[in-house]
Amino acid sequence: MIKGPFSYSGNKYRIWNKYLKPVMHKYQCVHEPFIGSGVCIYNSNGGGQGRDINPHVVVLHNVLKDPGLMDRVLSTYAEYFPDGCNAKDSYNKLRDDLNVLYMQHGLNNENAHMLYILIQMSFNSLFRFSSKGFNAAYGEKPFDPGRIEQHIKIAQDKNIDVVYGSYETLDLSKVDKQKDIIYFDPPYVASKFQYGGWTDQDEHTLLAYITMLDKEGYSFILSNTFAHRGETNDYLIEWSKAFNTYLIDMSYNAWAARVKAVEREDTTVEVIVTNIDGAFPELVNAHDTKYKTDPIF
Ligand SMILES: C[S@@+](CC[C@H](N)C(=O)[O-])C[C@H]1O[C@@H](n2cnc3c(N)ncnc32)[C@H](O)[C@@H]1O
């Protein structure tokens, strides 16, 4: 099981296993211009390029190539959690110490090991920062060094190149039109609070970029939603008619299930759009009005 090096809201682990894996395994590289925790890139055959505008995400990927990372993870865990007791106090002390360094230097290769430990043990493995640093509470989660070790090995074996920047900085000259695929997993436009700030205009610009890639002969898959918490994405619905568009028939809980303030997500209509023909024979056409998107047309 390759889940990505850290837990991340909106990660594509479930749909990777169920739908994306058989398709993406036909390609050599999977490029992820919205990498997040990079579930698809770590599961790919040969790696790929990643981009993200969240600098913490980028550091967590890149530090996996630092040969001293695992030693730092293990020695820091042993130092802060010597007997497993008072784990909450130890967690808070480690978080305070990380945040002192964070305020001075930001997140970097010298302190990212502390964040790796904290994320694993935090409440629902939340990846949450404020201007004062990492602020997720202790969540009684076990420390899992094996997950970090596994991804260090993958980062050595596959050609994974993660760079801080927006999706359109992807280096297309390094994308093989025949052998590679570009997987887009942007923030959802109707998503009220996650990755705040993704606007209708951002969505339109992204879809125009993907149209350009299609014309140039690149293969792509886009994850998105036709409707989310009662809001519909009419622009996407129209745009996607030019491609193959499939319904993902599963409710999308993500981590929201455990957070009381969050509304139920029953209204989500999750789709996959792609220019690859016949890629998802088991999924239904999202534009076929007899399926569950009916009410939104
Ligand atoms: C839905 S998450 C991706 C999750 C990912 N597929 C995974 O498996 O974890 C969307 C990501 O896009 C990033 N993002 C937002 N705007 C971006 C932009 N303009 N360019 C690149 N990444 C962006 C966010 O920081 C977030 O990490």
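Which residue is the bridge partner of Val30 in strand 6? I looked it up and found Ile181.

I noted first that this is a predicted model, where local features need pLDDT of at least 70, side-chain atom pairs count only at pLDDT 80 or more, and totals for chains, interfaces and linings use all residues. Residues are numbered from 1 along each chain as its sequence is written.

**Strand 6.** I took helices (H or I, at least four residues) and strands (E, at least two) as DSSP runs, numbered from the N terminus. Strand 6 covers residues 181–184. I saw Ile181 and Tyr183 point one way, and Ile182 and Phe184 the other way. All are buried, meaning 20 or more other C-beta atoms, placed from the backbone, lie within 10 Å of the residue's own.

I then checked its pairing, which takes at least two DSSP bridges between two strands. Strand 1 (residues 30–31) pairs with strand 6 in the parallel sense over 2 bridges. Strand 7 (residues 220–228) also runs parallel to strand 6, joined by 3 bridges. There, Ile221 stands opposite Tyr183.

**Ligand.** I counted 22 residues around the ligand, near meaning a C-beta atom, placed from the backbone, within 6 Å of it. Gly10, Asn11, Phe34, Gly36 and Ser37 come nearest. The shell holds 10 nonpolar, 8 polar and 4 charged residues.

**Helices.** Helix 4 (residues 69–80) packs on helix 6 (residues 112–121) at about 60°, with axes 9 Å apart. I fitted axes to C-alpha atoms over the stretch in contact, with angles from 0 to 180 degrees between N-to-C directions. That makes helix 4 oblique to helix 6, since angles under 35 degrees count as roughly parallel, over 145 as roughly antiparallel, 65 to 115 as roughly perpendicular and the rest as oblique.

Conventions: Ala, Val, Leu, Ile, Met, Phe, Trp, Tyr, Cys and Pro count as nonpolar, Asp, Glu, Lys and Arg as charged, and the others, Gly among them, as polar. A residue is buried if 20 or more other C-beta atoms lie within 10 Å of its own, exposed if 12 or fewer, and partly exposed in between; C-beta atoms are placed from the backbone.
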